[in-house]
Amino acid sequence: MGRLASSPQENPFYAGEVNGRPCFACDAANRIYRVMQFTTVGQCDAAAQVEPLQKSVLAAIKRRRKQLEKGQP
């Protein structure tokens, strides 16, 4: 089961605010783009806990996690 972030900024897909309301990446392409910007395994782990996620986003998280574990930028 996914976890709920205590604040919007803790969500790995947080994209900022518009008119004082938090906005998040919600389509698969945007989420995959954000995943490729992650610099730590912890970010990948946090993103994997967000629900619901598309299968393609989960696959991108797994790929990025492996890259980071191997020391690839």
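Helices (H or I, at least four residues) and strands (E, at least two) are taken as DSSP runs and numbered from the N terminus. The structure is a predicted model, in which local features need pLDDT of at least 70 and side-chain atom pairs count only at pLDDT 80 or more, while totals for chains, interfaces and linings use all residues. Residues are numbered from 1 along each chain as its sequence is written, and side-chain values use heavy atoms, with hydrogens and water left out.

The protein chain contains 3 helices and 2 strands, and from the N terminus on its elements follow the order β-β-α-α-α. Its radius of gyration is 12 Å, close to the 11 Å that the globule rule gives for 73 residues, so the chain is as compact as a globular protein of that length. The radius is taken over C-alpha atoms, and the rule is 2.2 Å times the number of residues to the power 0.38. The C-alpha trace spans about 40 × 25 × 25 Å along its principal axes. Of the 73 residues, 26% are buried (under 20% relative accessible area, with exposed over 50% and partly exposed in between; 1.4 Å probe, protein chains only). Contacts are defined by heavy atoms within 4.5 Å; among those between residues at least 6 apart in sequence, 47% join residues at least 24 apart.

The accessible surface of the protein chain comes to about 5100 Å², and 54% of this belongs to carbon and sulfur atoms. Areas were computed by the Shrake-Rupley method with a 1.4 Å probe, and for residues only the protein chains shown count as cover.

The largest nonpolar core has 12 residues: Phe-13, Ala-25, Val-35, Phe-38, Cys-44, Ala-47, Val-50, Leu-53, Val-57, Ala-60, Ile-61 and Leu-68. Helix H2 (41-48) and H3 each supply at least two residues of this core, and the largest share, 4 residues, comes from H3. Such a core is a set of buried Ala, Val, Leu, Ile, Met, Phe, Trp, Tyr and Cys residues joined through side-chain atoms within 4.5 Å.

Leu-68, a member of this core, is found in helix H3 (residues 55-69). Leu-68 counts as buried because its relative accessibility is 15%. Leaving aside neighbours within four places in sequence, Leu-68 is in contact with Phe-38, Thr-39, Thr-40, Val-41 and Cys-44. Leu-68 and Thr-40 are 28 residues apart in sequence, with a C-alpha to C-alpha distance of 6.7 Å. With the same exclusion of neighbours within four places, the contacts of Leu-53 are Phe-13, Arg-31, Ala-47, Ala-48, Leu-58 and Ile-61.

Gln-9 lies in the segment before strand E1 (14-18) and is partly exposed, with a relative accessible area of 47%. Beyond its neighbours within four places in sequence, Gln-9 is in contact with Tyr-14 and Glu-17. Gln-9 and Cys-23 are 14 residues apart in sequence and 9.8 Å apart in space, C-alpha to C-alpha.

Two backbone features were also noted. Most residues other than glycine have a negative phi, and most peptide bonds are trans. Asn-19, in the loop between E1 and strand E2 (21-24), has a positive phi near 55° and counts as exposed at 78% relative accessibility. A cis peptide bond, with omega about -10°, joins Glu-51 and Pro-52; Pro-52 lies in the loop between H2 and H3.
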